Amino acid sequence: MERREGISKLLGRELYIDDVPMDRGLWGATVRSPSPRGRIREVRFSPDVNWDEFVVVDHRDIPGENHVWLIESDQPVLAADSVRHVHEPVVLLAHHSREMVHRAVRSVEVIVDPAPPVLDFRLPPGADGIQHGTDNVFSHIVIRKGDVDAALADAPVVIEGTYETGAQEHVYLENQGMVAWIDGDVVVVKGSLQCPYYVHAALTHGLGRAEDRVRVIQSPTGGGFGGKEEYPSVLALHVALLALKAGAPVKMIYDRPEDMAATTKRHPAWIRHRTGVDLDGRLLAQAVEVVFDGGAYVTLSPVVLSRGLIHAGGPYACDNVRIDGRAVLTNSVPFGAFRGFGAPQTIFAVERQMDKIAEELGMDPVELRRMNLIREGQSTATGQIIRDGADRLEVLDRALDLSAYREKQEEHARFNAAHEDLRRGVGLSTYFHGAGFTGGGEVHLSSVAKVEARPDGRIEVLTSNIEMGQGTLTIFTQIASESLGLEPDDVVIAEADTFRVPNSGPTVASRTVMVVGRLIEKACADLVAKLGDSDLRGPDLKQAIVDWYRKHSGGVLDGAARYEPPPGTSWDEDSYRGDAYGAFAWGACVVEVEVDLRTLGTRVLDVVAVQEVGKVLNELLARGQIQGGVVQAIGWALMEECVWSDGAMVNNQLTNYMIPTSDDVPPIRVDFLEAPYAHGTGGAKGIGELPVDGPAPAVAAAIEAATGTHPRVIPVTPERLMELYDGA
Amino acid sequence: MAHDAREDTVHVEFTLNGKVVSVEAQPADRLLDTIRYGLALPGTKEGCGEGECGSCTVLLDGLPANSCLVPTYQVRGRTVETVESLSEEDVAPLLRTGATQCGACTPGVVMTATWIRRHPEVLEAQGIRALMAGNLCRCTGYDGIVEGVEALVARETGG
Ligand code: FES
Ligand code: FES
């Protein structure tokens, strides 16, 4: 099935939030902290502006609790007396002119008595830098399996390596934006977002309103990648506060520089491995230390850390593992959800470490991985036994075959000998990604999906999961129409409006198809069962629905399903032992690069990504997800670098924060292997994030093969490669 | 940015999607805003406002231009085409290759693609990847777009 809303998007008819005209509304804007840390001494409004024309909101206008509801309540909606990062919101303005309101922002001065900021997450904070608990640690998690210290002491070889990855900006092409208005005694917020019920909860807390007096509606969302997971709660509170005070609709649309400077990014990471191996290369012990930069407030850092740590050992079997990780405070913009959610960072490190082990043992990195990849019946770092029928060796071999990995190595030896200024190399990574929420997350969410029959025989699907480009509308249509034997046109997907749709959880964690899709199947079955004949399908079903409505005037024929964990899974949150995810998807990636020794620029020549994803429900959409994810990861590996000053991103423009163009990447060759997952929709496991895990270490490995340098820090920009040459 | 005070406005007449339109514009008004807000054609998108992303691409006298960088007064007497001028048939091949995901870059992509379709001879000097490099897309990884443009051109040239 082709993308359902595709034609509308191709013809520019999809109305994003900035595209909807607003009658008699105001434009909102944000006055932000100029300083990374300190007490707010004064907020000075320039006398040159007639402030009577403006609606002005500060922390005193917050009717509820002044914090953004999430894991902890440390992040204020608007700073009250102190600030913790540059660009922290302090005052909100609204005016009927978009231009005037943005100009007025410059006429408000936030004067801060500075305190010493904590800017390097890798260093322990000084006593005067403590701002959270006693040590600035937001979250500390340890995963333990076997006896690492004994195994390291006994291991014939112990290899150490330290790795770092940088922040990454999401660069969804549609910036953050929202509108709020008052409808009777209900505050309505509509905008670009991934998680309607997160926003809903944030609004009920921050505005101090009952759940039924807050309504959140998702508008078509021009990309998210995690960037519209938690941040929209902040923007929703701001726009709602302005609308409440103004008594009129208010719209806030960030421009690109504000969006890049003020919103979340991928967590920077520092990771150290100590690995014990035998002389054949078998893993005996993995000791991994992880530090993530959490930024100024807790936001989602503990869960990002959790996923990062669970993936930190890689897709390998090892009996003795200790993964010890912390997410810590710095005085920079909070880091947050970004496709992969901590796993790309830790997988970069473990994959680079595998290459280091291979080099030190004089082994082929392919054979090292082949030896250690998890076999059926072996377990991950948390002790989750893998028995999913997927063949991880086949994933590896398919990637080697398709990429002609061996042939390329020979060809490169000849090429490099024949060229003075060009060096080619090929690199490999193997990886995995747990689909759905971690551990008991899905159980806590207790998601519900609904379907409702319409009197004309069509079926409406009601969930809070949203379309942001990844294909939810299409896949949900496909799932409902196939399970009911109806035509796609007979299926309607309800707008994600909290007044209508149940809470089927957030649109994150590669869970939409695997988890919510399954609920839709069950809800469909529930609906059909109410007609007294569970085998009804297709035209017969349609007719039965029409007849039902004739008999039950005023009634509603619907079906619902609530999440239940797959039987036999168990997870212990305290010890971090057990089945971390319902299923893992598996991948192998081969990247070929050419480095120009004159410029030290790296060009990617070829990428092969092989993914085992349970079952591919829609080949075109799945392929597009993988290709897009791979290119994002190539950007992170080679060119996307946030430049910081006082914890603020200073290259907050697309002119100097570069993402890959069509001319920077080759065709991304994707292949799928399928080992159906019994508890996923039609056998599917999540696929959205897996593709982001593999390319960065493969790029670094390819540069290593080409140049003989050892990239351990990304992005591998020409400057960084120069340092590697100088240091070598 | 839409202007409030209408001082210093100039009268600008141009052809938009085949029809003559006239607007009052201030010197700093951007064509992007004139189209989106003044003339209520929101298909053309703003991604960066500084000529980097191509979301705001329109055809100006038949050539792709970033409408965020074009002052409205400069299009006086000229021809502007936006995504709203296209039909379903014009874009159908792009649907089949997966050229759109979130859709935010799409109108700009489609306009550059339309230019290439009309002038396949430009492909003699440069490949599709180079010609499309001014249109950033964060979703597709570009394969769906490149294959879509190939399909458009093939349909046009009977190839
Ligand atoms: S908005 Fe014009 S190029 Fe980005
Ligand atoms: S489709 Fe989302 S940016 Fe291109």
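**Two interfaces of chain B**

Let me start with the contact between the chains: chain B and chain A bury about 4200 Å² between them, with carbon and sulfur atoms giving 56% of that area, where buried area is the accessible area (1.4 Å probe) that two parts lose on being put together, summed over both. On the side of chain B, the residues that lose the most area to chain A are B:L95, B:Q101 and B:R138, together 20% of what that side buries.

Before going on, please keep in mind that this is a predicted model, in which local features need pLDDT of at least 70 and side-chain atom pairs count only at pLDDT 80 or more, while totals for chains, interfaces and linings use all residues. Residues are numbered from 1 along each chain as its sequence is written, chains are lettered from A in the order in which they are written, and side-chain values use heavy atoms, with hydrogens and water left out.

The contact, meaning heavy atoms within 4.5 Å, takes 55 residues from chain A and 48 residues from chain B. Across this interface the rule finds 5 salt bridges, each a side-chain nitrogen of Lys or Arg within 4 Å of a carboxyl oxygen of Asp or Glu; A:D19, for example, forms a salt bridge with B:K45, with the closest N and O atoms 2.5 Å apart.

Now to chain B itself, which is divided into domain 1 (5-83) and domain 2 (86-157), with bounds that come from an automatic or database domain assignment. These two domains of chain B bury about 1100 Å² between them, and 1 salt bridge is found across their interface.
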